[in-house]
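Here is a short briefing to read beside the structure. Take one topic at a time and find each part as it comes up.

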Amino acid sequence: MPEVLKAPLVVEFPFTRSLGPVQSAFLSGLRERVVLGVRTGDGRVLVPPVEYDPVTSEELGELVEVALTGTVTTWAWNHEPRRGQPLDRPFAWVLVRLDGADTALLHALDAPDGPDSVRTGMRVRVRWAEDRSGAVTDIACFEPYEAGQAAAAHAPTVHDGRFADPVTGIVAPARLDYTYAPGRAQSAHLHALAERRVVGERCPSCRKVYVPPRGACPTCGVATSERVEVGPRGTVTTYCIVNIKAKNLDIEVPYVYAHIALDGADLALHGRIGGIPYDQVRMGLRVEPVWPDGGGHPDHYRPTGEPDADYETYKELL
Amino acid sequence: MPAPMPTSGAAPRSVPRPLRDIAVVAFAQTDHLRTSDELSEVEMLMPVLHRVLAQTGLRTGDIGFTCSGSSDYLAGRAFSFTMALDGVGAWPPISESHVEMDGAWALYEAWTKLLTGDADTALVYAYGKSSPGSVRDVLTRQLDPYYLAPLWPDSVALAALQAQALIDAGDTDEPALAAVASRNRASAAGNPHAQLRGPVPQGDYVVRPLRIGDCPPVGDGAAAVVLAAGERARDLCERPAWIRGIDHRVEAHGLGVRDLTDSPSARLAAERAGAFERPVDTAELHAPFSSQEVVLRKALRLDDRVHVNPSGGALAAHPIMAAGLIRIGEAAERIRRGDSDRALAHATSGPCLQQNLVAVLEGDPR
Amino acid sequence: MSAATTTVTGAATGTGRGKEPVAVVGVGQTKHVAARRDVSIAGLVREAARRALDDAGLDWPDVDAVVIGKAPDFFEGVMMPELYLADALGAVGKPMLRVHTAGSVGGSTALVAANLVAARVHGTVLTLAYEKQSESNAMWGLSLPIPFQQPLLAGAGGFFAPHVRAYMRRTGAPDGVGSLVAYKDRRNALKNPYAHLHEHDITLEKVRSSPMLWDPIRYSETCPSSDGACAMVLTDRAGAARAPRPAAWLHGGAMRSEPTLFAGKDFVSPQAGKDCAADVYRQAGIADPRREIDAVEMYVPFSWYEPMWLENLGFAAEGEGWKLTESGVTELDGDLPVNMSGGVLSTNPIGASGMIRFAEAALQVRGQAGEHQVDGARRVLGHAYGGGSQFFSMWLVGAEPPAS
């Protein structure tokens with residue numbers, strides 16, 4: 001094993017987002033191949049429609065329909081699309097001011113002729129996705145539309161924002177990939193666990209032994225480095241009986257979740273107690289780790305059979 | 001159509017003189033590296049805290065207020081700041097706060113705390129480890145979650161849209177951007193902490209018109225500053241960098257409602273911080289992309305007489321969440337050394353310079 | 001515990017022209033519910049902010065700065081959401097700060113905002129905290145699958161239950177005290193139209209017979225998961241003079257932190273909590289909190305934390321907190337009402353929960369608490385805490401401006 005550990009960490013969740021009336025109308029509209037904007041008190045038309053006026057802060061709600069054609073206000077050529085982006089071949093990011101709108105919408109422009117075919121001021125139109133569900137990705141992308149003439153003819157028209165079966169929420173999956181590295185102190189602790197040893201670190205200043213070590217003594221703010229083997233036996237300082245099954249935990253309830261002060265450690269760590277009926281676990285119970293095959297964190301702790309520790313001996317560790 | 005920048009309140013008040021004089025009296029930072037994966041966040045941060053305190057002779061227990069800036073999203077761990085606190089040694093308990101913002105805003109919070117008179121000294125720190133994740137993708141999670149985030153437009157793409165707008169407006173061109181990049185990295189040759197020191201080829205497009213050279217390095221780092229009020233500052237530092245003014249402003253979120261070639265929020269913050277009252281000799285700008293320096297120079301009215309980014313700026317080292325605080329620290333450091341008498345420091349947050357902070361620092365007259 | 005033994009570290013020497021008194025002139029909340037499916041995140045925060053401005057008789061241009069707080073960004077999956085929320089909160093062109101101090105964040109956020117006024121940096125500040133828990137799942141956000149780490153061995157309550165058992169062992173408190181707290185808070189919530197849980201048919205027997213989830217914590221002794229936001233308008237003396245309704249005045253405010261886990265940490269009565277309270281009492285000139293404070297809104301996520309905090313905050317001697325609860329002192333009509341609003345046990349939009357405590361304290365001294373008003377409340381404490389009982393923030397508000 002390398003001295004300092006590393007492993008992938010995937011942070012992924014499908015967020016459920018409710019929309020509110022303005023965003024609901026916009027995304028429902030996209031599903032029906034309609035692009036809506038919102039009109040401000042001073043007559044500007046904002047596309048995409050936002051809920052609150054960026055200038056006056058007023059709440060907005062007067063919806064209008066704008067054209068499916070527009071003008072590129074700025075662009076950037078993306079020759080290497082990344083995960084989740086609208087197109088999987090090289091494309092241009094564009095801000096597009098749709099005809100009838102006063103502000104621009106961010107999206108992708110499919111430009112098969114490459115970056116030399118894209119310029120600010122070029123005319124584009126919406127290309128709809130085949131399957132539309134009421135999301136900003138219902139616009140698959142924009143495409144060049146040099147035939148289209150600009151602007152003036154496209155006065156926005158009032159729209160009541162009502163659609164049959166409106167979209168009121170979206171599910172927004174998000175995945176980020178990280179490489180997690182626990183650092184020097186925790187790596188050393190994990191290496192020892194693999195050999196069924198519990199190794200902590202002593203603070204050079206206050207002499208307290210931290211298990212698991214975190215690299216710093218949190219009260220002195222200095223690095224800990226002197227390694228100290230503790231346990232394996234310890235004392236249950238306090239506990240609770242878990243009667244509710246937690247998701248992604250394959251443990252039958254009820255079971256006991258305890259704080260355990262290993263002999264030689266100056267604070268308790270957490271573990272499950274087994275090898276004894278749950279309702280017979282008590283504060284002061286003496287326990288030892290039960291190791292899983294192949295090492296790693298103890299699977300649980302079981303009674304050693306020693307007499308219970310006296311409350312006075314561990315009350316400072318509560 | 002760009003939205004005009006409203007001013008705060010009905011009639012802007014004149015810039016008030018702060019209740020107390022507060023100065024940066026110490027600054028320390030890590031060497032900024034592409035990766036620091038042998039170290040946990042606290043292991044990376046702690047030596048910086050020790051160094052900044054050592055400069056003043058203070059210990060944690062002597063500090064009146066502590067404030068930090070960091071983001072859970074960078075390394076993918078909720079509550080990462082709670083473990084970083086281990087490096088401070090918060091025992092006995094300390095008066096402490098945290099912003100989920102660049103450390104420059106943590107410094108702002110500490111500055112207000114010192115102004116109230118509730119504390120005379122403050123420790124401010126910030127750290128960021130970008131190496132565990134793909135920072136271009138991580139930053140997409142900053143965007144409006146309904147209309148923008150589902151498209152995953154990465155941070156370079158958004159900066160590139162801004163750069164193209166500048167080119168279209170005639171404010172810059174690709175050779176000029178390359179010159180900004182090379183000037184910053186040449187300055188970084190004198191900065192032992194910088195990640196990129198000396199010339200870097202402009203290279204290929206990342207997202208056109210931005211090339212590799214126009215983009216900041218991705219890396220890990222931490223920084224810390226000590227603030228002190230009044231006479232306490234003079235006790236702790238030979239030449240304190242007095243904060244003559246500090247202010248920050250945010251703009252609308254939507255890129256399509258903003259004029260990307262301008263930074264009205266940076267200009268307003270500078271005005272409120274008193275930056276335009278007298279010229280500065282030095283400016284440390286938090287411009288992660290070469291094109292953003294063009295925007296900021298214009299908004300902040302910095303001409304060729306101002307020494308911009310003597311440290312090499314964010315193009316030479318860009319530990320996200322600490323990079324803004326480092327600008328303040330670098331400016332203060334030049335004042336302490338006597339290389340500057342009046343400096344402007346700037347920090348930014350959000351896509352295309354959405355939020356900006358400006359501090360004006362001065363040394364005592366010589 | 002003794003407030004007098006607390007060391008004040010790094011205490012200030014001079015205050016120059018002195019602090020500006022800070023007044024709360026507007027309070028706004030959403031109706032807290034399990035899921036607000038009718039609004040976006042922006043719509044949720046806007047609702048609370050608008051109500052706070054209406055209460056203060058102000059509009060968006062009257063606000064000089066916005067200070068916002070919430071718990072981890074992973075809860076909603078939006079990194080630094082204040083950037084997206086700038087428009088909704090009228091912050092465009094203004095300073096906007098985002099605070100995050102774990103569960104205490106709602107309180108800390110209000111204190112950061114108060115400092116802006118006290119330091120005379122701004123005249124009027126809007127402060128707000130929120131959580132929209134229905135966008136994801138808090139337990140997911142709290143237990144990301146970090147490699148090499150032992151998986152969490154219990155759900156949310158599993159973290160707290162062992163500390164409750166330690167409290168019971170230490171004090172000899174009888175088993176039923178936790179149920180009394182839950183029964184009281186849920187009944188108080190019936191008088192608060194914004195509370196999440198409105199259990200009209202609640203009885204003490206129902207609480208006592210609810211399932212034991214994390215022994216010694218029962219289902220009815222746990223907090224719900226809510227969507228909600230809370231906002232306040234803080235202002236200076238001039239602003240308070242213009243306000244249409246009475247102000248609550250800040251008499252003391254403090255934050256204290258200690259490490260998450262350390263050798264010698266007292267999870268039952270953390271030193272940071274004691275020190276934070278002592279600092280607030282010192283600022284407010286309070287020598288005997290039990291007698292001089294009229295009511296308390298404290299952060300009680302599991303019912304047993306009421307007696308624990310009563311001791312930690314100096315309202316009862318060590319080991320005696322449960323006796324106050326048991327004797328009815330903390331009931332709405334008791335001598336020291338606690339969590340008149342129904343508390344966190346009835347409403348828990350995590351990031352906002354601390355600010356709701358602070359806001360409810362302000363409502364009480366303004367006489368604006370409606371059906372859960374404590375008659376004659378003049379000085380009320382708001383309390384928040386978070387992390388592994390490591391971050392504390394508190395303020396004491398009064399009906400009268402501070403003396404000096």
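**Where chains C and A meet**

The contact draws 46 residues from chain C and 45 residues from chain A. Keep in mind that this is a predicted model.

- Three elements of chain C each give at least two residues to the side that touches chain A: α1 (41-56), α5 (156-171) and β5 (212-215).
- α5(C) supplies the largest share of that side, with six residues.
- By type, the residues on the side of chain C that touches chain A split into 26 nonpolar, ten polar and ten charged.
- A strand pairing also links the two chains: β17 of chain A (residues 234-242) runs antiparallel to β5(C), over two bridges.
- Within this pairing, A:Ile241 has C:Asp215 in β5(C) as its bridge partner.

**Strand β2 of chain A and its partners**

- β2 of chain A covers residues 35-39. Four of its five residues are buried, so the strand is mostly covered.
- One partner is β4 of chain A (residues 62-66), which pairs with β2(A) in the antiparallel sense over five bridges.
- A:Val35 has A:Val66 in β4(A) as its bridge partner.
- Another partner is β3 of chain A (residues 45-46), again antiparallel to β2(A), over two bridges.
- Here A:Val38 has A:Leu46 in β3(A) as its bridge partner.
- β2(A) and β3(A) make a hairpin, with five residues between them. In the turn, A:Gly43 has a positive phi of about 90 degrees.

**A closer look at A:Leu60**

- A:Leu60 sits in the loop between β3 and β4 of chain A.
- Is A:Leu60 buried or exposed? A:Leu60 counts as buried, because it has 20 C-beta neighbours inside 10 Å. The cut-off for buried is 20 or more.
- Beyond its neighbours within four places in sequence, A:Leu60 is in contact with several residues, including A:Val22, A:Val38, A:Thr40 and A:Tyr52.
- A:Pro49 is eleven residues from A:Leu60 in sequence, and the two C-alpha atoms are 8.5 Å apart.

**Chain B as a whole**

- Chain B has eleven helices and twelve strands.
- The C-alpha atoms of chain B fill a box of roughly 55 × 50 × 40 Å along the principal axes.
- A compact globule of 366 residues would have a radius of gyration near 21 Å, so the 19 Å of chain B agrees.
- In chain B, 76% of the 366 residues count as buried.
- Of the contacts in chain B with a separation of 6 or more, 80% join residues 24 or more positions apart.

Notes. Residues numbered from 1 in each chain as written. Chains lettered and ligands numbered in written order. Predicted model: local features only at pLDDT ≥ 70, side-chain atom pairs only at ≥ 80, totals over all residues. Rg over C-alpha atoms; globule rule 2.2 N^0.38 Å. Buried ≥ 20, exposed ≤ 12 C-beta atoms within 10 Å, placed from the backbone. Contact = placed C-beta atoms within 7 Å. Pairing = 2+ DSSP bridges. Nonpolar A, V, L, I, M, F, W, Y, C, P; charged D, E, K, R; others polar.
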